[in-house]
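Reader: I would like to go through the labels attached to this model and set each one against its criterion. Please give the value each time, then the conclusion.

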Amino acid sequence: MLVDVESSNVSPVFVGRGGELAVLADGLARAREGEPQVFVVGGDAGIGKTRLLEEFLATARAAGAVTAVGGCVELGADGLPFAPLAAVLRSLHRQLGPELAEAAAGQEGVLARIHPELGRVAPVADAQLERVQLFELTARLLERLAAERLLVVAVEDLHWSDRSTRELLGYLFRSFQPSRLLVLVTYRSDDIHRRHPLRPFLAELDRVRTVRRIELARLTREEVAAQIAGITGTAPPPGTARSVFERSQGIPFFVEELTTSGQPTAGLSAPLRELLLVRVEALDEDAQDVVRTVAEGGSSVEHGLLAAVAGRPERELLALLRAAVDANVLVATSEGDGYRFRHALMRDAVVDDLLPGERTHLHRRFAEALERHPHLVPAEQHAARLASHWFQAGDHARALPAVLTAAVSARRRYAYAEQLTLLERAMTLWESVPPEVRDGLRPVDRLTAYPVREDQPLDEVDLLAEATLAGVLSEQMGRALAASRRALRTLDEAAEPLRAAWFLTYRARIGDLVGQVDGQAELERAAELLRGLPPSAVHAQVQAQAAALRTMTSAALSPGTFEAAERAVSLARLVGTKSTELYARMTLSCLRTDAGDIEGGLTEMAAVLDEVVARHETGQLGRTLVNFAATLAEVGDLERGLEITARGMDLADRYDLADTRGWLGTNKAYMLLNLGRWDEAAATLTAARQQARSVNPRVWTTLMAGRLALLRGDLDGVRTALANGQDARLDSDRGLALELARLEIALASEEGDLDRAREAFHRAVDAPIPAFVSSLRWELLFTAAGAEADGRGLPGAEPGRPAALREIRHALQSAPRNVPLRRAFGHLVDAELISADGGDSAARWAEAVSALEPLELPYHLAWARYRWAEALLTTEGAAGREPASEPLRRAHAVAAALGAAPLRERIERLAVRAGLDLAEGRTASAPPPADPFGLTRREREVLALVAAGRSNRQIAQELFISPKTASVHVSNILAKLAVSGRGEAAALAHRLRLVPAVPAAPPPEAAGPSPASRPARTPQAP
């Protein structure tokens, strides 16, 4: 009745078991060749043993195998004798009917002890001999059934098996003869305690040569995310995936329960809680009490601390702990000095089962024990654990100092996310703590450039400053912005201008990332507050931030932009704030490379990066890494750019900088696209999208995926990217705005809508384009010019062409050509514009090819060679065939290798029209297949155009021949077909299918990937 009912919480996508399925598939292939196979699959409860079995059996059945499954039955301490083998034989009897009875002929009385349907049970003469005979006959029965067919037998839940079943299986595994048989058994490894009867049986199997063991590992974080996506139909947010992974510890069953409970990040469903509490409730009350104490102690509890809290005699405590360990509720920690729950969710279930008063009492006991005996826990954990217990105990006066001490400890270990959480907890406690407690608190460390008030107690604004900086350092910009907003509401700007300016500067730095703050207005207000005050670290911060913001908004590299950055460096050195100095130096080095001083700018970037890493300047690490890698890509040093990206990924992992991983992943994808490593680029974009927290880096990955889709000819993928790209704050990231416009132009060109393409270009260049996105500016110009070149002759396109070309040329005037990569793009755009005007562009395309050949841009080079060949054939006709052959052949080879289908198809159509052989690089001369009229291949091409209604002049243009030659071909065709005119020839050609359809005109094609569209140099905290 329920056969077809499928649980909605099971992922239709089977994740994380590819290796195990491959091993089983290999076993299946060996069994098919007559070599019996045995697999023993183990794993924790919920790890996916049954799902693996189901997937494998489905594969086996698809391969023509007969499959049968039996399961052991739990009946107290022991199971039901031979239950799984009886189920297997019952299943085979249903499937094979008389064939099973025939295979058992003469031995029914013995085999009936397992499968009564075979006949009457024979009386026992010698029980021991009969038992051996039963085992032997069972083995031979299975072998006979597997003699001519592939047979797969599975036994589940071996941990519940009875002794007889285990002995029978052991006999079978050792005695199978050549046959097409595969046996697979599963067991739950977390049920196998020290004295479990299955343990020695498994040890014996390890010595059997024919038995292969498979232990199912827990899923990785990426596999958990894939499972959630399979269940829900959409990729989970990074926070949800991370929470489910941590709470489920990679066990698929728990992933399903947490995902479908509706509360993937909090709480347990009732069925899951009941399942997890079964083992605990089987313990006596005293042991349960100890288990509850361990549950409130944290993820693990040291033995000494537990003894201090439990208050029981040592011998009694050890006995109770032994009972919990034997029941697989608790296990010893890997260090061997304490205890933890076998599974984290079991601990959650125990905690949820406690009354509020019980929890408060236990937390107080832990806190008091930690205060009395701090040596009972590792020194680095003491502050955080003490703070947690006092907070959970509800003692706010003791909790606040402990929480602040823990926050300082977290910051000193670079645990900024944990520090932020602790500071937010401190702010919730602030008002509930007596004033005398607050007045006794003092700032412990000096924040970067923050104006600490000497000899003054810690106040709420100081906490908010700590929280703002911690939010920036942990890349949780929304929380940082909220803290700064609250501080500015609390502060009196007139009385404390330095502190107010510090918060305003940080708001300017993070505001664009969350789309809530005008950075320019914030900086202007900060500068006004500082006017007339002596130089300070805050002054230097404001100056450095203003210089960085100027590089993001200035349309050209003016002397004033350089001067602002240089002044920021000098002021930072004057007031002795190294962090701000490094920030300003990075801005200045970016300006130098943008201006063309590649060697000087990159050398300074490398020096800044080394100092940032050495000083653990986490707040600047992301900005420094992203801009260094992107700048290397922009100047064409892609391999070094990949090296810096790899180093950056390691550092981002170390400091848990999720957005930095996202930005670096996007930069890496740019480089891989340019290098022609497109599959790697696609994988990189997928990972970067999962890692980034903020909107803009995620949108960058989406648009880059759209760029790759365009190169491969997937227009639906481009449309999806454009739709999803609207989430970005384009006013805060001009690079995103340009990339979005470039894709819009390319798609509109593909669809033949030049008006839409022109409108997208106009919107993109209507706003200032900063110098640091020069590569994207060139890419945009290249795409727009190419669209105009491809659109010549489109209906309705000509009236707007002069204005469109003027706008492109006007934008071209301010595009710098001060590095080789930009000069190469300049040649590309110049050549496209000549083609768009209908001029002879062959020489310009030759220049573009020469400029691109030293660079690592295979797609762009292939595009330039294709356009060069096209220009030669267009302007020189038949005389252009020989010089066009080589560049066209080389372009085709690259396009085919890259998987650039649209470009490859363009090249092939051009070769057909020109009569060129791409494989050999020569003019085609092989005769076409014979036909009754004796037409040559060229005459068939001409006939196809005649049938399409082309005039002799149009035929000449299409085939790159002279009108006179076209006329001669037409006369020859009419004579061979014995027809009187072109109309009769066309009718005959259609009727007899003498020619293929006329080659379509090459569709508009977008340009390839930009060399290094650089994520905006968004200022980050020093």
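Reader: Why is Gln545 called buried?

Author: This is a predicted model, and every value below is computed from it. Gln545 has a relative accessible area of 0%. Buried means under 20%, so Gln545 is buried. The residue sits in helix H26, residues 537-553.

Reader: What makes the pair Gln545 and Arg509 a polar contact?

Author: The side chains of Gln545 and Arg509 are joined at 3.2 Å. The limit for such a pair of N or O atoms is within 3.5 Å, and the value of 3.2 Å meets it.

Reader: How many of the protein's residues are buried, as a percentage?

Author: Of the 1022 residues in the protein, 55% are buried. The chain folds into 48 helices and 12 strands. Of the contacts between residues at least 6 apart in sequence, 69% join residues at least 24 apart.

Reader: Why is H13 described as largely enclosed?

Author: Because 10 of its 13 residues are buried, H13 is largely enclosed by the rest of the structure. Among the buried ones are Val290, Val291, Arg292 and Glu296.

Reader: What is found at the two ends of H13?

Author: At the start, a side-chain oxygen of Asp284 comes within 3.2 Å of the backbone nitrogen of Asp286. Just after the helix, Gly298 has a positive phi of about 125°.

Reader: Why is helix H45 called mostly covered?

Author: Helix H45, residues 937-947, has nine of its 11 residues buried. The buried set includes Arg938, Glu939 and Glu941 along with Val942 and Leu943. After this helix, Gly949 takes a positive phi of about 90°.

Reader: What are the order and pairing of the five-strand sheet, and which strands stand at its edges?

Author: The order is E2-E5-E6-E1-E7, the pairing is parallel and the sheet is open. Strand E2 (66-71) and strand E7 (211-215) each have a single partner strand, so one side of each is left without a neighbour in the sheet. The twist averages 15° from one strand to the next.

Reader: How do you know that E1 and E6 pair?

Author: Two strands pair if there are at least two bridges between them. Strand E1 (residues 37-43) and strand E6 (residues 181-188) have seven bridges, in the parallel sense, so they meet the criterion of at least two. Gln37 stands opposite Leu182 in E6. Helix H1 (residues 18-32) lies across E1, E5, E6 and E7, at about 160° to E7.

Reader: How many bridges join E9 and E10, and in which sense do they pair?

Author: E9 and strand E10 (residues 338-341) have three bridges and pair in the antiparallel sense. Leu330 stands opposite Phe341 in E10. These strands belong to an open antiparallel sheet with the order E8-E10-E9. Strands E8 (300-302) and E9 (330-332) are at its edges, each with a single partner strand, so one side of each lacks a neighbour in the sheet.

Reader: Which helices lie across this sheet?

Author: H13 lies across E8, E9 and E10, at about 90° to E10. Helix H14 (residues 303-310) lies across E8 and E10, at about 85° to E8.

Reader: Which residues have the most contacts inside the largest nonpolar core?

Author: They are Val291, Leu305, Phe341 and Phe503, in a core of 120 residues. Helix H22 (residues 460-473) gives the most to this core, with nine residues. Leaving out residues up to four places away in sequence, Leu305 touches Phe366, Ala369, Leu370, Leu376, Val377 and Arg385. Apart from this core lies another, of 119 residues, including Leu708 and Leu872.

Key
Residues numbered from 1 in each chain as written. Predicted model: local features only at pLDDT ≥ 70, side-chain atom pairs only at ≥ 80, totals over all residues. Heavy atoms only, no water. Buried < 20%, exposed > 50% of the residue type's maximum accessible area, 1.4 Å probe, protein only. Helix = DSSP H or I, 4+ residues; strand = E, 2+ residues; numbered from the N terminus. Polar contact = N/O pair within 3.5 Å; in protein donor to acceptor, adjacent residues only side chain to side chain. Axes fitted to C-alpha atoms, helices over the stretch in contact; angles between N-to-C directions. Contact = heavy atoms within 4.5 Å. Core = buried A, V, L, I, M, F, W, Y, C linked by side-chain atoms within 4.5 Å.
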